[in-house]
Amino acid sequence: LPGPDSPHRRPVMAPKEQPADVQDFAQPVSEAPLYTRKQVASRPDLLIVHDEVYSAARFQSQHPGGAVFVSMFGGRDATEAFMEYHSREFPRQRMAEFLEGRLHPDDKPTPYDKDYLKLAREVLKDLPNRGFAPAAYWVKLAVIMSAAVATEAYLFFVERSLAGSLFLGWLFALIGLNIQHDANHGTLSRHGNVNWFFGLAQDYIGGSSILWLQEHVVLHHLFTNDTEKDPDIALGAPAIKLNPTHPVLPWYALQHLYVFPGQAMFGIKILFLDFIELLRYQWVGVKISPLANYMYLPSILMKLGFYFRFVVLPLYQNPSLHTAMCVLTTVMMGAGYLAFFFTLSHNFAGVAHVGPGGGTPRDASFMKRQVETSSNVGGRLLAVVNGGLNYQIEHHLFPRIHHAHYANIAPKVRVFCEKKGLKYVHYPTITENLFAMMAYLRQQGTDKGKFSVSRTIATLRKVLLEDHH
């Protein structure tokens with residue numbers, strides 16, 4: 001017979017005595033089945049919100065923000081994801097028709113952060129357009145996209161140069177920061193189809209919107225700087241050490257210097273290695289929910305379309321080393337620019353880490369886990385260029401607020417955080433943030449022990465073979 005945690009075991013029936021606050025459910029509480037987290041993890045048609053289990057399969061097509069957000073959380077706990085994207089608790093009565101059961105009492109429910117919800121009410125009450133993109137933003141979107149398309153066309157039909165390729169790479173980075181990022185977080189419009197369409201800009205510049213959603217929405221945003229669950233602090237290993245729990249390798253002593261060319265080389269990963277992840281439909285070992293399988297073939301076709309448009313056609317037109325170098329220049333410039341600013345945001349002297357060996361427990365408040373693992377840099381001008389992602393604290397607290405509003409809400413967020421005793425870090429200049437990042441990387445790369453071949457081999461095996469998820 002299947003054990004108590006087997007996905008094939010029938011859900012346990014709840015006892016007849018139930019709290020009064022659940023009497024609004026569509027089915028009698030005495031008949032509501034109980035699900036363990038392990039059982040839900042094996043059922044991509046279900047998801048958890050606080051202490052209830054809902055049908056993701058039935059709700060995804062009716063979600064106002066689009067099916068993709070719901071389908072990505074099939075088999076997962078979506079409590080904090082709902083809270084940070086909607087800035088409120090889950091509407092249980094309205095969602096009663098999708099209720100499938102309750103979380104087993106042996107599994108602790110994910111709590112709502114009351115302080116966060118209080119801050120959200122203060123931030124949202126004066127926010128224009130409900131936090132979605134203002135009218136002026138669409139002008140910026142049109143300028144960036146037109147410039148990118150025109151530059152790529154010029155390089156193909158008129159003259160291909162390294163300078164032009166470098167400029168195109170920067171424009172690709174701006175698309176990533178200003179367009180696909182907002183769209184895939186659902187901030188452009190209240191209409192899910194609008195966000196979905198512009199989210200495909202990630203595929204246009206050579207990435208993958210479905211992999212991006214898995215990396216950022218499902219993993220990084222909920223588990224920022226988590227020593228076991230955040231893929232962003234494990235991606236560079238064993239070339240670079242961002243995770244404080246990883247053992248030190250000899251070359252890490254210089255990582256604060258070689259990190260910069262390494263960031264440019266990140267483009268090679270995006271261009272080739274990410275396709276392997278896409279074929280396996282996972283990100284750093286974490287499988288994408290089968291409920292989102294409808295995006296598998298389209299995502300592969302869009303990736304192949306990028307290869308054909310951006311690699312095959314230019315080399316067919318002019319098969320030369322110069323052409324290949326121009327293609328690589330664009331990819332490395334775009335990836336390097338993105339990697340530089342994202343590395344600044346979560347890797348600086350004094351940054352917090354969550355989970356085993358991280359210093360901050362996982363049961364710390366949602367606000368604490370977001371605010372103290374991120375930093376801001378610069379001001380409004382940099383926000384215009386970089387899609388507001390220099391305000392990482394505000395972005396991690398309110399990913400569904402469009403970046404045009406971050407500079408306006410930042411003072412209110414800072415005052416609230418400091419009143420709650422949270423460490424709010426804002427570097428006035430990129431230079432100051434850069435030095436703080438280099439100090440952190442240097443500290444992470446310091447090895448107080450003596451070098452040995454056997455220890456280095458053992459460390460490499462651990463970093464390369466260990467499953468962090």
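This is a predicted model: local features need pLDDT of at least 70, side-chain atom pairs count only at pLDDT 80 or more; totals for chains, interfaces and linings use all residues.
Figure 1. Let us pick F73 and see what surrounds it. Apart from its neighbours within four places in sequence, F73 is in contact with L46, L47, A78, A81, V217, V218 and L222.

**Figure 2. Helix 12 packs against helix 13.** Two packed helices are described by the angle between their axes and by the distance between those axes. Here, helix 12 covers residues 296-317 and helix 13 covers residues 321-346. Their angle is about 160°, and their axes are 9 Å apart. Are the two helices roughly parallel or roughly antiparallel to each other? Because angles over 145 degrees count as roughly antiparallel, helix 12 and helix 13 are roughly antiparallel. Their crossing is right-handed. On the helix 12 side, the contact is made by F310, V311, P314 and L315, and on the helix 13 side by T323, A324, V327, T330 and V331. Sorted by class, the contact of these two helices has 7 nonpolar residues, 2 polar ones and no charged ones.

**Figure 3. T360 in strand 9.** Look for T360 in strand 9, which spans residues 359-360. T360 has a relative accessibility of 9%, so it counts as buried. Which residues is T360 in contact with, leaving aside its neighbours within four places in sequence? They are A352, H353, V354, G355, K368 and R369.

Figure 4. L124 belongs to helix 5, residues 114-124. With a relative accessible area of 31%, L124 is partly exposed. Now find I409: L124 and I409 are 285 residues apart along the chain, yet their C-alpha atoms are separated by 9.1 Å. When neighbours within four places in sequence are left aside, L124 is in contact with S87 and I401.

Figure 5. The peptide bond leading from A237 to P238 is cis, with omega near 5°. N225 also has its place in the loop between helix 10 and helix 11. Its phi is near 55°, a positive value in a residue other than glycine. Is N225 buried or exposed? N225 is buried, as its relative accessible area is 0%.

**Figure 6. V284 between two strands.** V284 sits in the loop that connects strand 6 (282-283) and strand 7 (286-287). Although V284 is not a glycine, its phi is positive, at about 50°. The relative accessible area of V284 is 23%, which makes this residue partly exposed.

Figure 7. Where is H405 placed? Its place is in the loop between helix 16 (392-397) and helix 17 (406-419). H405 counts as buried because its relative accessibility is 4%, and buried means under 20%. With neighbours within four places in sequence set aside, H405 is in contact with L127, P128, G131, F132 and P134.

Definitions and conventions: Residues are numbered from 1 along each chain as its sequence is written. Side-chain values use heavy atoms; hydrogens and water are left out. Axes are lines fitted to C-alpha atoms, for helices over the stretch in contact, and angles run from 0 to 180 degrees between N-to-C directions. Helices (H or I, at least four residues) and strands (E, at least two) are DSSP runs, numbered from the N terminus. Angles under 35 degrees count as roughly parallel, over 145 as roughly antiparallel, 65 to 115 as roughly perpendicular and the rest as oblique. A crossing is left-handed if the near helix is turned anticlockwise from the far one by less than a right angle, and right-handed if clockwise. Contact means heavy atoms within 4.5 Å. Ala, Val, Leu, Ile, Met, Phe, Trp, Tyr, Cys and Pro count as nonpolar, Asp, Glu, Lys and Arg as charged, and the others, Gly among them, as polar. Buried means under 20% relative accessible area, exposed over 50%, partly exposed in between (1.4 Å probe, protein chains only).
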